[in-house]
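This report describes selected features of a protein model: a pocket, a helix and a sheet. The structure is shown first, and the description follows.

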Amino acid sequence: MGIMKQAIPQRYAIPHRYATRPGLYFTEDGGADAVVRSETADQVWLCVYEPVDQPTAFFNDAIRIFEDSATPFINEIHAHPVCTRIIESMYVRETLFRMEGPNYGLWYVHLPKAWDGMRYAYRVDGAWDPKKGLRFNPYKLLLDPYGKGIDGSMQLDPAAFSYRCEIGPDHRVTGNAYGEMSTVDALGKVPLSVAIDDRDETKHDADPSHPHVPWSKTVLYELHVKGFTKNAPWLPEELRGTYAGLAHPITLAYLQGLGVTSIELLPIQAKQDELFLTERGRHNYWGYSTLGYFSPEPSYATQAARDKGARGVRDEVIDMVRALHEAGFEVIMDVVYNHSCEGGVEGPSVCWKGLDDVSYYRRQHDNAGKLEDTTGCGNTFDFTNTHVVTFAVDSLRYWAKRIGIDGFRFDLAASLARLDGDFTKHHPFLYALRSDLLLGNLKLIMEPWDLGPQGWRTGGFGMPFSEWNDRFRDTTRRFWLTDTQPGARCEIGMQEMATRLCGSADLFATEPGRGCVASVNYVSCHDGFTLTDLTRYNTKHNEANGENNRDGSNTNHSANFGVEGDTSDPVVTRDRERAAMNMLGTLMLSLGTPMMLAGDEFCNSQQGNNNAYSQDNAITWLDWDWLYQTGKTPQMRRLETVSRLISIRKSLDLYHHEEFFTRLTQLGLFKPSSRVQWYLPDGTTPMERDWFDTGVRSFTMRLLSQENDASDILIVVNGVNDDKQYRLPSDAEWQCEWSSGVVTGLRPARGLFPERMHRQDFNDANWTTAVHDDDPISRLVDMVQSKLAAESKLDRPRDEVAGTDAPGTPDGSDDPHVTTVPGNYGPAMIHDDNAILNISDALDDGDADGDDRPHAGAAAAAGSGTDAGIAAADLDLWTFPALTISVMRQIQ
């Protein structure tokens, strides 16, 4: 501007404390030190905002400037160390403190007065040369990158952009990002930072101890804070979709009943919608568009917490984490340090772009005005800059220390480990995480890919990081879904499946000491089809996203079993549910760390949308109506089955370890294992040709216990569409602990046939029928069921079911419209949307179905000489239902 700066009064200056971290720090004199980084700016101001109808804290030192002054606003703030102005249209007072710097890239000022809840922002002046990446604009308000609270949100307005632009009638931004600088003041159009006083050293003294679940016992559960409880009928309306709703006792009891150990939250750091979504009036529901790395997302807080301001929002987050800890759960937080919400050069300027664009973001080597983009979101943080690494580490430490987070999952982590564009496990950021005394002892999970060159890096991060295992995901889907379809060529055989079951040593045995728990196994996650949709849709159906179904992956390895979408066909429904249980069984019975997507345990569907990032509605909000029916719905039956499966995994000591059963030596050769044995169905050991024959889809995996008082287990995989006989190891007796075949009314048994399950063995009544009128929860059940009845969604009144013993109907008769199939604990009515499916032969009614086969259970009980003709020497012969996975435990 050509204006000589006047000296800053001593009371507003800070001695050169070069080691000081950026941020706002309250001081004992009632004020605060403010530090912000901008290595290439000419001048920085700290701006404080107060209501006009309250006395200002800075009256004696601030020079007032007026909107109608002949001197331009920018010139006046350069001329005065401290100045103030009143913006009558917004009823706000802005006081600007000119900062001292840069000292090693840092700018400083000391406020003589500061208070908890103080709203503030930064203005930055410097060169305007967009073609060289310089976009300083003092008319724009910038958030404090270290700000602990955020007030307000960005409006779609020219004021939010550093370049001159207009908003058309179609709500699209038009302008040249390399053109003229905007002179529209951003105040009132962008969010502000909020100060939170953190000096109380005793505030966490009463916190519960962290669960510290060992990796070997961890079961991850990925959920969205809002979507998980937005439709939860057990919550009062004001708690639905909130941090407090997730911390509610009934919510916690549900999670405990399921059996998972570690709750992985989709991003809860403050977010802002991407420009292209804002232009279309849509929102980023998932939250992978971060606005503040120290601030929690306010929209997930209750209205009561938001009314208290930024501290109220943060307190609700802290209380949620405390409640989860008290219930025994770890809290893992999904974080997005690869890019920010500002997007590409055409995007808004709300923080980093205006503070120091050339330092924060990666730029193209041959064009400094263009941002490098390995994230698909328009920008990529430059983790070759030490200060960007420091910024990320400081943020992570804050969430771990102040909020109590137990671990982090890093979105598109390959972008965080690129030096000069190339990925390396020796990146300084990864070393910073490893070596930090706090962070290095937390759970650190990497999403090991991005959109940059050679972006697929699964297994490449090394210790102590765990990684999402996409190879496990694809192998499991292909083996149980696409390879089982009529006419399909089998591409996944015994070798590939065995590798995944054993923890994917081919990917994760990359260095001595790195164990199988580094493999985070999953079949579905927030990004892609739900487990149920994997069995309902051959192709994605993302029309609701407004991108002509072009978004989302086209490679899903899904199968619709002959019908696209919902169906009332009982055979299709049976095959779909069996496939879903096969995938969940593979997930929970494999070595490594299993991760489930919330809702997969009760048949949640997104109607075929495999990229529901912008669907903040019923597509993504979990539906809990099934929980309060009087009969056991398919959702309840699957929940019980999954819960038992998780319990079995947690009860088996064979999974409570971290090493591979088959590991690589430093020579790169496989070392024989004493912990696992393999058998073909005839009881023989596979030959080399069997391992490489993708047509071999039936085998047994024996995990051998190393303890004298523990039992071996068998994982029996029948990957063909026929019941199959297996000779189990004869040195032990075996019993079936769990089988995916139960959803079809069959389970493994000795002899030539699987065991048929009997209808009379089960009770169809749901838990709601056992609730007495004097139970505290009775009022809730009545309220929910009354609502369901009014919407014609209730199966039948509770008083019609209470006290009955016969399954199917209240009087035990055979209702032609209501039939049942067995789940893990008993039969369940099979509903597909509003249809009730007739699967009459899923259960055995004394051969009423016309099947005259002898049943293996009866044959085994009779011993030799039965109709099955099983000789005493053949008692090791078992039959496993078609297309199933089962776990057998050694009888001691």
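## Pocket, helix and sheet

The lining of the second largest pocket comprises 15 nonpolar, 17 polar and 13 charged residues. The model is a predicted one. This pocket holds about 1200 Å³ of space. Of its 45 lining residues, Trp-286, Thr-375, Leu-412, Asp-527 and Asn-611 are the closest to the centre. Helix H5 (275-279) and H11 are the elements that give two or more residues to the lining, and H11 supplies the largest share, four residues.

H11 (470-480) is also among the elements against which the buried residues of helix H12 pack. H12 spans residues 494-501 and is mostly covered, with six of its eight residues buried. These are Met-494, Glu-496, Met-497, Ala-498, Arg-500 and Leu-501. The other packing partners are tabulated below.

| Packing partner of H12 | Residues |
|---|---|
| Helix H13 | 505-508 |
| Helix H15 | 570-589 |
| Strand S30 | 676-679 |
| Helix H17 | 688-691 |
| Strand S31 | 698-703 |

After H12 comes Gly-503, which has a positive phi near 95°.

Elsewhere, an open sheet is formed by four strands in the order S1-S2-S8-S7, with antiparallel pairing. Strand S1 (23-26) and strand S7 (100-103) stand at the edges with a single partner strand each, so one side of each has no neighbour in the sheet. From one strand to the next, the twist averages 20°. Strand S2 (residues 32-37) and strand S8 (residues 106-111) pair in the antiparallel sense over six bridges; Ala-32 has Leu-111 in S8 as its bridge partner.

Terms used
Residues are numbered from 1 along each chain as its sequence is written. This is a predicted model: local features need pLDDT of at least 70, side-chain atom pairs count only at pLDDT 80 or more; totals for chains, interfaces and linings use all residues. Side-chain values use heavy atoms; hydrogens and water are left out. Buried means under 20% relative accessible area, exposed over 50%, partly exposed in between (1.4 Å probe, protein chains only). Contact means heavy atoms within 4.5 Å. Two strands pair if DSSP finds at least two bridges between them. Axes are lines fitted to C-alpha atoms, for helices over the stretch in contact, and angles run from 0 to 180 degrees between N-to-C directions. On a 1 Å grid over the protein atoms alone, a cavity is a set of points where a 1.4 Å probe fits but cannot get out, and a pocket is an open set with protein on both sides within 12 Å along at least five of seven lines; lining residues have an atom within 4 Å of a point. Grid points are joined across faces, edges and corners, and a volume is the space filled by probe spheres set on the points. Ala, Val, Leu, Ile, Met, Phe, Trp, Tyr, Cys and Pro count as nonpolar, Asp, Glu, Lys and Arg as charged, and the others, Gly among them, as polar.
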